[in-house]
Amino acid sequence: MTATHNRRRANLAALLPAHEADAILVTGGVNVRYLTGLASSNAAVLVRADATATLATDSRYIGAARRVCADIEVIEESDVAGALLPESGRTGIEADHMSVADYFRLGGEPLRLSKVVESVRMVKDDAELGLIRTACELTDRAFAEVLPELRPGLTEKEVARALERRMVELGADGLAFDSIVASGPNGAVPHHSPSDRPLERGDLVTMDFGALYRGYHADMTRTVAIGEPAGWQRELYDLVRAAQRAGRLAARAGAALHEVDAAARDLIKEAGYGEFFKHGLGHGVGLQIHEEPFLSPRKPEDTAERPEDLGEPGRSSREPERDHEHARLEDRVPVTVEPGVYLPGRGGVRIEDTLVVRDGGPELLTRTTKELLVL
C-alpha cells in the first residue's frame, strides 16, 4: 500500500497552499491510518506541502510503524503532537481532533484547519471501494441467512446476536456499529437498542446493522413484517420504499446534497408524514461509519437543530459545518440512503442501502430485496 499512501499524502499536500499552510499536523487516528496505514491510539503525522512526511508514535507502535511506513521518516515519541509541531513555517492543526488542552500546551498560534483530510478521504480509491463492497456483501449474506430464523418469540437481542454472529462467521472482522433491532412500537425509536422484547405477530421489525472488513464499514437497514401486515403498515412501508428509491436515483455525481435529501423527503412530506422523518437522508461511509458527505436538508442560513444522523446509538447527531447548500456529490463517493418514518406508540419503517456515487448513476452495494417480506 506504499504507493497508495504516497498518493493520498500528495493529494492532501496539494490542498495546503489554498489554506496558506506549509504543512499540516494530522492527529485524528482515522486520518493518520488513512495517510500512513498505521492503526494506533497514539500517533501523528506531519505532511508538508512538498508531500514529504514524518510520523511520530510511542514505543507500543514503533515496530509496526517502521514496518508499515517504511517510505517516510518515523520517530519514537510519546508526545506525538509536540514532537512534530515545532518545525518552522506555518503549520496547520486538525481543529476537529485536537483537544483544547493539547492546543494550549503546544503554545504559539498554529493554524486551525477543519476537515481537510476528510475532504480527501471522501472520494475512495479502487482498494477502498473493494473493501467496502466486501463488507456490504457480508452484510447482505448474513441478512439472507438469518432471515429464515425470524419468528414470533425470538427477542430483539437474539435477532441482533444472530446477525452479528453470522457476519463474523462469514468473514467480517467485527461490527461496523452496534446493531439495531426494533420490533413493534420500538420501531418508532430510530436508535433503539435491542431489548428482551419478543417478536410478535403483527410487528414490523427494523434491523440496522453492518459488517466491518479490514477497517471499512457497511451499513444496511431492512424492515420486515411478522405475519400479515395491517393496512397502515403496508402503506407506510410502500411510502418509505418509494422515498428510498427516489433518494437512490438522485444520488448522482454533481447532485447537491440537500437536493438528494429533498428527493426522498418531499415524497414523505407530501404524504403527510414529514414531521415523522426527523433525521438526514444519509451519510458517507468508509473508515468511519459516519463521514463526509452528509445528506440532509440543512442550508447555511438554517439556525434550527440539524436532523440527526443514523448509525450507532449514542453517536453525535451533528454533521460538520460546511456550505451544505453548495456541496455536491462526486464520483466514487460511498453514501447511505436511509429514509424512515417513525410513529410514536405504533412503530416505524426504515430502509437503507449503501451505494457508490457514479457519473452514470449509483452502484448499489447492498442488494437484498427491498420488497416487504412477510414472515
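Tutor: Below we talk through the sheet, the helix packing, the core and a few backbone details.

Tutor: Ground rules: this is a predicted model, where local features need pLDDT of at least 70, side-chain atom pairs count only at pLDDT 80 or more, and totals for chains, interfaces and linings use all residues. Residues are numbered from 1 along each chain as its sequence is written, and side-chain values use heavy atoms, with hydrogens and water left out.

Student: Okay, in what order do the six strands of the open sheet run?

Tutor: The order is 4-3-2-1-5-6, with mixed pairing. Helices (H or I, at least four residues) and strands (E, at least two) are DSSP runs numbered from the N terminus, and two strands pair if DSSP finds at least two bridges between them.

Student: Which are the edge strands?

Tutor: Strand 4 (73-76) and strand 6, each of which pairs on one side only. On average, neighbouring strands of this sheet are turned by 25 degrees against each other, direction ignored.

Student: How many bridges join strand 1 to strand 2?

Tutor: Four, and strand 1 (residues 23-26) and strand 2 (residues 43-48) run antiparallel. Val-26 has Val-45 of strand 2 as its bridge partner.

Student: Which strands does helix 1 lie across?

Tutor: Strand 1, strand 2 and strand 3 (53-57), and helix 1 runs at about 60 degrees to strand 2. Helix 2 lies across strand 1, strand 2, strand 3 and strand 5 (91-94), at about 55 degrees to strand 2. Axes are lines fitted to C-alpha atoms, for helices over the stretch in contact, and angles run from 0 to 180 degrees between N-to-C directions.

Student: And at what angle do helix 1 and helix 2 pack?

Tutor: About 120 degrees for helix 1 (residues 2-13) against helix 2 (residues 29-36), with the axes 7 Å apart. Helix 1 and helix 2 are therefore oblique to each other; angles under 35 degrees count as roughly parallel, over 145 as roughly antiparallel, 65 to 115 as roughly perpendicular and the rest as oblique.

Student: Which residues make the contact?

Tutor: His-5, Arg-8, Arg-9 and Leu-12 from helix 1, with Arg-33, Tyr-34, Leu-35 and Thr-36 from helix 2. Contact means heavy atoms within 4.5 Å.

Student: Switching to the core: which residues touch the most other members?

Tutor: In the largest nonpolar core, of 59 residues, those are Leu-12, Ile-24, Leu-55 and Met-207. Helix 7 gives the most to this core, with nine residues. Such a core is a set of buried Ala, Val, Leu, Ile, Met, Phe, Trp, Tyr and Cys residues joined through side-chain atoms within 4.5 Å. Buried means under 20% relative accessible area, exposed over 50%, and partly exposed in between (1.4 Å probe, protein chains only).

Student: Is Phe-143 buried or exposed?

Tutor: Phe-143 counts as buried because its relative accessibility is 3%. Phe-143 lies in helix 7 (residues 126-146), and, leaving aside neighbours within four places in sequence, its contacts include Leu-163, Met-207 and Phe-209.

Student: Now the backbone: what is phi for Lys-115?

Tutor: Near 60 degrees, a positive value in a residue other than glycine. Lys-115 is in the loop between strand 6 (111-113) and helix 6 (116-121). Arg-214, also not a glycine, has a positive phi of about 50 degrees; Arg-214 is exposed, at 54% relative accessible area.

Student: Last one: which peptide bond is cis?

Tutor: The bond from Glu-292 to Pro-293 is cis, with omega near 0 degrees. Pro-293 sits in strand 14 (residues 291-295).
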